[in-house]
Amino acid sequence: MKRKIICFKTNSNNYYLYSFQKKTYFLITPTLYKIITYGINIAKKELIEKRNGLSVKVFDVETVEDVEYAIFKYNFFVDNGVISEDVDFNILKNPDITKENVFEEIAQCKNIVLEVTQKCNLNCTYCINGKYYNNISDRRSLSFETAITFIDFILSFNYKQYKRSNFIIGFYGGEPLLEIDLIKKIITYIENKYASIAFKYKITTNGTLLKQNIDFLIKNKFKITISLDGDKNHNIYRKFKNGKESYNIVVSNIDYLKNKYPNYFGHNLVFQSVYHKKSSLESIYSFFKNRYNKIPGVSILSEFGLNEYNKDFFYKNLFKAFENKHNDYDNHLSSINAYFLNRFIKNNIGIYYKNSNCIEDKNVPYMRILCSCIPFKNEPFLRADGTIHRCTEIDTLPIGRVCDQTVNIDYDNILTEFNRFTEKLNMYCQVCYNFFNCDFCIYRASPFENTKKVICDEFKNYSGGTKFYKDCIQKIEDSLSHKELLTDIFYNLFLYDEFE
């Protein structure tokens with residue numbers, strides 16, 4: 001399969017080559033850039049002319065030695081598969097999954113999320129369990145028996161003798177701290193039964209009950225994510241059931257933690273904000289940066305599972321999209337930039353450092369980039385009603401259920417729906433220049449069950465792909481002159497990894 005070679009020049013007069021075969025970037029010389037752009041035959045022809053003292057058009061400013069070295073480098077890249085228009089079909093194909101693939105993911109699963117309760121002491125206007133969504137909940141809590149049945153199933157799953165040395169459990173809600181006794185009971189159970197495994201814990205909380213539970217969280221080294229939309233004005237949709245605003249209590253609790261346990265606060269707490277009609281990215285960033293020296297995660301309101309009756313009001317009064325997902329406000333140092341560049345660096349540069357011989361190794365391992373995870377790969381989610389889901393983001397298409405202290409996984413349905421959709425998606429992936437950065441999730445296709453034609457917002461042709469890669473590298477170069485943004489990028493790179 002043919003694919004044009006991507007190379008470009010940044011505003012700093014640096015030249016880059018992106019290799020689909022190696023899935024990474026190479027800083028190249030201007031002369032090599034010309035060879036790739038105009039072709040090796042032109043370079044060879046003009047090299048002969050330069051040696052004979054003739055004037056040339058393309059390589060007019062280069063010396064003979066410059067052109068000779070660039071041709072040598074070009075041939076080296078070609079011989080080792082860095083430069084090629086022929087791309088292995090299998091690299092750009094989302095292969096079918098089998099039951100054995102799912103078994104492997106269960107056996108290697110390293111983290112799960114438990115919805116310990118659907119109850120909450122807040123009544124956030126945009127809540128996923130509120131009137132704007134179809135997630136009708138009876139506000140139940142997870143039973144201890146259901147929780148340990150699921151945990152035992154994962155930790156005792158024996159396939160190909162995979163062994164675990166560590167495991168992460170996330171506690172989710174509702175407001176999980178309403179069920180602090182259940183959380184304590186679960187932790188006591190697993191640490192007594194699985195003494196050879198090092199457990200780590202994380203929790204997502206609205207922060208209202210943080211102060212009275214902080215000693216327990218610190219003792220067990222919890223990673224804490226606090227949902228807070230910014231200052232008091234940005235937090236307007238996060239109120240108690242009686243209509244009273246929650247901002248003052250939450251900030252007071254956060255300040256208590258920050259002042260009493262500054263080291264723990266610095267290394268074990270992050271913020272997550274919701275972007276809505278009354279939001280400003282600049283203000284969100286400034287609030288968290290100035291008050292807590294933190295970079296918040298920012299997400300838009302979910303458009304998945306909307307209630308048709310309230311959909312018009314939702315879009316008119318609540319929903320606000322990023323104007324440009326990867327470049328929302330260039331003139332400011334934003335968490336969006338920091339988070340996205342963090343992800344971009346890991347996707348496109350990380351493989352080079354994991355495999356230092358990647359240039360001359362023609363069998364560099366490629367990872368499946370399609371954002372639609374094989375079930376149990378990315379934080380399987382146990383809801384309070386016992387249903388098992390792929391993750392907290394996709395919780396309307398269960399893949400199994402815990403019932404009567406037994407775990408039942410619907411393997412046939414998992415394979416059928418995943419393979420059916422990826423087969424349709426492959427025709428786009430094979431010609432897309434954004435394949436290795438795609439975060440399109442098949443389960444968010446609307447409607448997923450009956451989709452005949454895939455509409456992928458992440459798709460990029462050659463010109464769109466070239467612009468995308470150039471813009472990303474340009475942002476990284478620009479960040480080198482902005483110490484604050486560079487710090488934010490690597491803050492996300494290391495700190496947020498611990499929360500995943």
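F8 counts as buried because its relative accessibility is 3%. Buried here means under 20% relative accessible area, exposed means over 50%, and partly exposed lies in between, with a 1.4 Å probe and protein chains only. The model is predicted: local features need pLDDT of at least 70, side-chain atom pairs count only at pLDDT 80 or more, and totals for chains, interfaces and linings use all residues. Residues are numbered from 1 along each chain as its sequence is written, and side-chain values use heavy atoms, leaving out hydrogens and water.

**Aromatic pairs.** There are 36 aromatic pairs in the structure. Rings of Phe, Tyr and Trp (its six-membered ring) pair if their centres lie within 6.5 Å; planes under 30 degrees apart count as stacked, over 60 as edge-to-face, the rest as tilted. Helices (H or I, at least four residues) and strands (E, at least two) are DSSP runs, numbered from the N terminus. Y25 is buried too, at 11% relative accessibility.

Y126 and Y237 are also edge-to-face, 6.2 Å centre to centre, at 75° between the planes. Y126 lies in the loop between β4 (111-115) and α5 (144-155), and Y237 in the loop between β7 (223-227) and α8 (247-260), so the pair ties together parts 111 residues apart in sequence. Both Y126 and Y237 are buried.

Ring pairs also join F8, Y16, Y18, Y25, F468 and Y469 into a cluster. The charged end of K460 sits over the ring of F468, 4.8 Å from its centre. K185 lies over the face of F144, 4.4 Å from the ring centre. For such a contact, NZ of Lys or CZ of Arg must be within 6 Å of the ring centre and within 35 degrees of the ring normal.

**The sheet.** Three strands form an open sheet in the order β1-β2-β3, with antiparallel pairing. β1 and β3 are the edge strands, each pairing on one side only. The twist averages 25° from one strand to the next. Strands pair if DSSP finds at least two bridges between them; β2 (residues 15-19) and β3 are joined by five. Y16 has L27 in β3 as its bridge partner. Helix α1 (residues 30-38) packs on the sheet, touches β1, β2 and β3, and runs at about 135° to β1. Contact means heavy atoms within 4.5 Å. Axes are lines fitted to C-alpha atoms, for helices over the stretch in contact, and angles run from 0 to 180 degrees between N-to-C directions.

**Salt bridges.** The structure holds twelve salt bridges, each a side-chain nitrogen of Lys or Arg within 4 Å of a carboxyl oxygen of Asp or Glu. In one, R51 and E68 have their closest N and O atoms 2.6 Å apart. R51 is in helix α2 (residues 40-51) and E68 in helix α3 (residues 64-79), 17 residues apart. E104 and K160 form another, at 2.8 Å between the closest N and O atoms. E104 lies in helix α4 (residues 99-108) and K160 in the loop between α5 and β5 (166-172), so parts 56 residues apart are tied together. R383 and E115 meet at 3.0 Å, N to O. R383 lies in the loop between β10 (381-382) and β11 (387-389), E115 in strand β4, so this pair bridges 268 residues of sequence. R383 and E115 are both buried.

| Residue | Relative accessibility | Class |
|---|---|---|
| F8 | 3% | buried |
| Y25 | 11% | buried |
| E68 | 32% | partly exposed |
| K160 | 54% | exposed |
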